[in-house]
Amino acid sequence: MPPAMSSRQKALISEFMELTGANARYASRYLSAVDYNLNQAVDGYYAAGHAPRGPSALEVNLGNLFDTLRDAENDEKDKLELESTMQYIKDTLKVKLDDAGLFVVQELVQAPSIGEITRQGYVEGWKGSGVGASHQEHAAHIRSLIKKLSTDQDLFRKVYKHAFVGGRERDQKALSLENALIYWDMLFSKPGMIWTTANHDWLELWKTFLGEKYSRSVNRDMWNMTLNFALKTLEDESLSFWNADGAWPSVIDDFVEWCREKGIGKSEPMEVDDN
C-alpha cells in the first residue's frame with residue numbers, strides 16, 4: 001500500500017494539474033520522479049511531448065480585467081501607456097504616485113518602465129499573487145504590501161531593485177542622477193524604509209554628498225550597493241563595518257571619507273580588547 005501523501009505533495013499535485021491541465025495520475029507520476037520539484041516536473045511533462053494547455057480561467061479573467069483598463073484609442077492591445085498606467089495606479093488601486101507605493105505596484109506587475117504596464121506582466125504578476133481577479137482584491141493586496149514595506153527587508157529589496165529597472169530611460173543601462181535622487185527620496189521615506197538613525201539623517205547626507213561630489217549616472221551596481229550600505233548604517237551608524245579593502249563602489253568609499261571629515265562615524269574600525 002503506497003504511503004499517504006503529505007499536504008505539501010497534494011498541493012503540488014493540484015498546482016501541477018492547474019499549470020498543465022494534466023490529470024492527477026500524470027501529476028503524481030511526474031512529481032514523484034523528481035522528488036516533487038514542481039518546475040522540473042512540469043518541464044519533464046512537456047519534454048515528453050505533452051502539449052501546453054491553454055490559458056487558465058484565472059488568466060482569462062485577468063486578461064479581461066486588463067482590457068477594462070485600456071484606452072482603446074491610445075493604448076496598444078497588450079500594453080497600458082502612461083496615462084492609463086497612472087490612472088490605474090492612482091484611481092483603481094488608490095496608490096499615491098509620489099511615494100514608494102508606486103514602486104510596489106511596478107514590481108508586482110514587472111513594469112518595464114514607470115509609465116507602462118504590459119498584459120503579460122499584469123496577468124503573470126496578479127496570477128502569482130494568489131489574490132483573485134478583481135480590482136478590489138488587487139487594491140487590498142497592494143495596501144497590505146505597502147504596510148509591510150518599511151519592516152519587510154525582503155519585500156523592500158525586491159521593490160527597490162525593480163525601481164532601477166523600471167526607472168531607466170528606454171534603452172539606457174543606467175539611471176540619470178536626477179531620477180535616482182527622486183527615487184531614493186521616494187523609497188527611503190514613508191511608507192518605504194526610513195534611512196535615518198538616532199543621530200543621523202543618512203538620506204539627506206547621501207543627497208548632499210552626491211550634490212557636492214558626484215555628477216555621473218547611477219549604474220546597477222551603485223544602485224544596489226547603496227541599499228546594502230543603507231541597511232548596514234541602520235545597524236551601525238558608526239560606520240565601523242566599512243573598511244578600505246571592502247567591495248564597496250568607489251562612490252561609497254568617498255562618501256564614508258566625506259562623512260568622517262564631518263565627524264560622522266569612527267575614523268578607524270572598532271578594535272576588540274582581548275584582555
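This is a predicted model: local features need pLDDT of at least 70, side-chain atom pairs count only at pLDDT 80 or more; totals for chains, interfaces and linings use all residues.
View 1. In soluble globular proteins, nonpolar side chains tend to be buried together.

**View 2. Surroundings of Phe-188.** Leaving aside residues up to four places away in sequence, Phe-188 touches Phe-156, Tyr-160, Met-193, Ile-194, Trp-195, Leu-203, Leu-227 and Ala-230.

**View 3. Helix H6, residues 101–108.** Eight of the eight residues of H6 are buried, so this helix is largely enclosed by the rest of the structure. Gln-106 and Glu-107 are among the buried residues, as are Leu-102, Phe-103 and Val-104. The buried residues of H6 pack against H5, H7 (119–129), H8 (135–148), H9 (153–167) and H10 (177–187). After H6 comes Gln-110, with a positive phi near 50°.

**View 4. The second largest pocket.** The volume of this pocket is about 160 Å³. Helix H4 (57–69) and helix H5 (82–92) each supply at least two residues of the lining, and H5 gives the most, with five. By class, the lining has two nonpolar, five polar and five charged residues. Among the lining residues are Thr-68, Arg-70, Asp-71, Glu-81, Glu-83, Gln-87 and Tyr-88.

**View 5. The loop between H2 (24–33) and H3 (38–47).** Phi is positive in both residues, near 55° for Asp-35 and near 65° for Tyr-36. Most residues other than glycine have a negative phi. Asp-35 counts as exposed because its relative accessibility is 66%, while Tyr-36 counts as buried at 10%. The cut-offs are over 50% for exposed and under 20% for buried.

**View 6. A cis peptide bond between Lys-190 and Pro-191.** Omega of this bond is about 5°. Pro-191 is in the loop between H10 and H11 (202–213). Most peptide bonds are trans.

**View 7. The annotated span, residues 57–260.** An unreviewed UniProt entry annotates these residues as "domain: DCUN1". The end C-alpha atoms of the span lie 59 Å apart, and the span is 60% helix and 2% strand.

Key: Residues are numbered from 1 along each chain as its sequence is written. Side-chain values use heavy atoms; hydrogens and water are left out. Contact means heavy atoms within 4.5 Å. On a 1 Å grid over the protein atoms alone, a cavity is a set of points where a 1.4 Å probe fits but cannot get out, and a pocket is an open set with protein on both sides within 12 Å along at least five of seven lines; lining residues have an atom within 4 Å of a point. Grid points are joined across faces, edges and corners, and a volume is the space filled by probe spheres set on the points. Helices (H or I, at least four residues) and strands (E, at least two) are DSSP runs, numbered from the N terminus. Ala, Val, Leu, Ile, Met, Phe, Trp, Tyr, Cys and Pro count as nonpolar, Asp, Glu, Lys and Arg as charged, and the others, Gly among them, as polar. UniProt positions are given in the numbering used here, feature names are shortened, and annotations may be inferred rather than shown by experiment. Buried means under 20% relative accessible area, exposed over 50%, partly exposed in between (1.4 Å probe, protein chains only).
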